[in-house]
Amino acid sequence: MSSTLLIKNGHIIDPANGIDKKADLWIEDGKIIAVGKHSGKADQSIDAAGKIVCPGLIDMHVHLREPGQEWKEDIESGSRAAVAGGVTSMCCMPNTGPHIDHAGIARQIIERASQVGLCSVHPIGAVTKNLDGKELTEMRELARSGCVAFSDDGLPIWHAGVMRKALEYSSSFGYMVIQHAEELTLTEGGCMNEGWISTQLGVTGMPVEGEDSMIARDIMLTRRADARYHVAHISSKRGVQMVRDARAEGLKVTTEAAPHHFALTEEEMLGFNVDAKMSPPLRTEEDRLAVIEGLRDGTIEVIATDHAPHHEDDKRCGLSCAAFGIVGLETMLPVSLDLVRNGVLSLSEMIAKMTSNPARLLQLDSGTLNTGSEADVTIFDPEATWIVDRETLLSKGKNTPWHGKQMTGQVTHTIKAGRIVFENGTIHG
Ligand SMILES: [Zn+2]
């Protein structure tokens with residue numbers, strides 16, 4: 001018995017196919033069968049009048065904490081948070097315990113995510129064993145087990161010789177290396193951007209050169225290796241410019257921005273706000289505007305959250321000792337919609353940065369509404385307003401700088417492989 005789901009009257013935006021129009025979307029047995037007219041009958045329908053219907057969002061930078069730190073987050077809670085935020089595929093970083101530095105762990109994560117059945121999880125394999133920056137992992141083996149890229153995120157690939165080998169080796173089978181760009185000898189002991197606010201608060205800062213010098217080094221190595229290099233969570237003006245120049249030169253350099261880096265500045269730290277502590281840190285207004293310009297002109301192709309859940313105990317211990325990172329899955333879409341409201345991006349351009357662009361970089365078979373593809377679909381009301389309440393977030397992490405703030409734009413339905421997994425605030429597990 002086949003089953004047909006009709007999403008009617010919505011405004012469909014599918015950047016990969018250049019679709020941006022009011023139309024119906026038909027799904028049968030978990031697959032997209034038609035955008036527009038179709039002669040069949042629907043078993044189930046959703047009225048999407050006034051709403052945007054787009055491919056399920058992809059977040060290519062998430063920390064799921066399983067295995068090893070399940071009190072912070074696990075694959076199930078992370079999947080619930082994801083679909084509440086309209087995300088149907090996410091990539092998880094390897095700084096778990098054990099690390100994703102061998103094939104068995106990667107397979108275990110994929111298996112667990114498919115048992116949960118809400119959101120696809122694609123592991124990012126570690127570049128080095130134990131993430132200690134010294135010895136390369138069996139990268140090809142990790143790729144065979146389902147990893148989609150390589151990174152030591154949480155930490156930089158600090159050793160230049162190891163980075164060179166990683167770039168050369170991964171590019172031999174078309175994979176990219178994702179760098180958490182931070183020169184630790186410059187940022188050690190720092191807990192926020194170095195500048196007048198860190199001075200005023202009397203805390204150690206992380207100079208922007210910590211990020212910039214690593215990006216500069218890596219671009220030189222990428223040129224030499226003719227490899228694919230991706231800068232995670234770019235936050236600095238010079239960093240964006242270096243990526244822009246490298247791309248103009250024809251190098252295979254890409255980058256992503258996190259919503260907090262284009263929405264907030266280091267001023268959030270005033271009052272010793274631990275929920276604005278992350279790495280790279282929130283920077284100056286000049287940096288924020290440069291990230292926005294990078295998004296506008298296409299230098300930055302992807303929006304990704306760097307979702308980093310922590311337990312209260314790791315956060316409520318003073319600015320210097322608090323863990324780095326904030327949760328982001330459930331606020332990614334409304335925060336990013338500000339780029340559309342402010343005229344930086346069209347809705348289609350913004351959606352591309354969370355669907356078809358990351359899918360292309362990671363060679364994922366998702367991020368479009370292609371006929372015949374698996375029906376991962378997100379429906380959102382761009383005008384609906386809601387207040388972020390850390391207590392009602394589905395992530396186990398409550399560390400958000402947006403607690404108590406009003407968001408405009410709300411996910412109403414998330415559909416995974418044709419099944420409604422999130423509907424008006426409720427998860428259908
Ligand atoms: Zn990172």
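This is a predicted model: local features need pLDDT of at least 70, side-chain atom pairs count only at pLDDT 80 or more; totals for chains, interfaces and linings use all residues.
Residues are numbered from 1 along each chain as its sequence is written. Local features need pLDDT of at least 70, side-chain atom pairs count only at pLDDT 80 or more, and totals for chains, interfaces and linings use all residues, while side-chain values use heavy atoms, leaving out hydrogens and water.

**View 1. Three residues hold the zinc ion.** D153 (OD), H180 (ND1) and H233 (NE2) coordinate the zinc ion at 2.1 to 2.2 Å. Donors here are N, O and S atoms within 2.8 Å of the metal (3.2 Å for Na, K and Ca); water is not among the atoms, so sites may look incomplete. Along the sequence, the spacing of the donor residues is D-x26-H-x52-H. D153 lies in the loop between β9 (150–151) and α4 (160–171), and H180 in the loop between β10 (176–179) and α5 (184–187), 27 residues apart. (Helices, H or I, of at least four residues and strands, E, of at least two are DSSP runs, numbered from the N terminus.) Are D153 and H180 buried or exposed? D153 is buried because its relative accessibility is 2%, and H180 is buried too, at 4%. Buried means under 20% relative accessible area, exposed over 50%, and partly exposed in between (1.4 Å probe, protein chains only).

**View 2. Five strands line up in an open sheet.** The order is β9-β10-β13-β14-β15, and the pairing is parallel. Two strands pair if DSSP finds at least two bridges between them. At the edges sit β9 and β15 (302–303), each pairing on one side only. Look for α4 packing on the sheet, where it touches β9, β10 and β13 (228–231); contact means heavy atoms within 4.5 Å.

**View 3. Two strands make a hairpin.** Strands β2 (residues 19–28) and β3 (residues 31–35) run antiparallel, joined by four bridges. E28 stands opposite K31 in β3. Two residues lie between the strands, and D29 in the turn has a positive phi of about 50 degrees.

**View 4. One disulfide turns up in the whole structure.** C317 is joined to C321, with S to S at 2.2 Å; a disulfide is a pair of cysteine sulfur atoms within 2.5 Å. C317 counts as partly exposed because its relative accessibility is 32%, and C321 is partly exposed at 48%. C54 is in no disulfide: the nearest cysteine sulfur, that of C119, is 14 Å away. C54 is also buried, at 0% relative accessible area.

How values were computed: Axes are lines fitted to C-alpha atoms, for helices over the stretch in contact, and angles run from 0 to 180 degrees between N-to-C directions.
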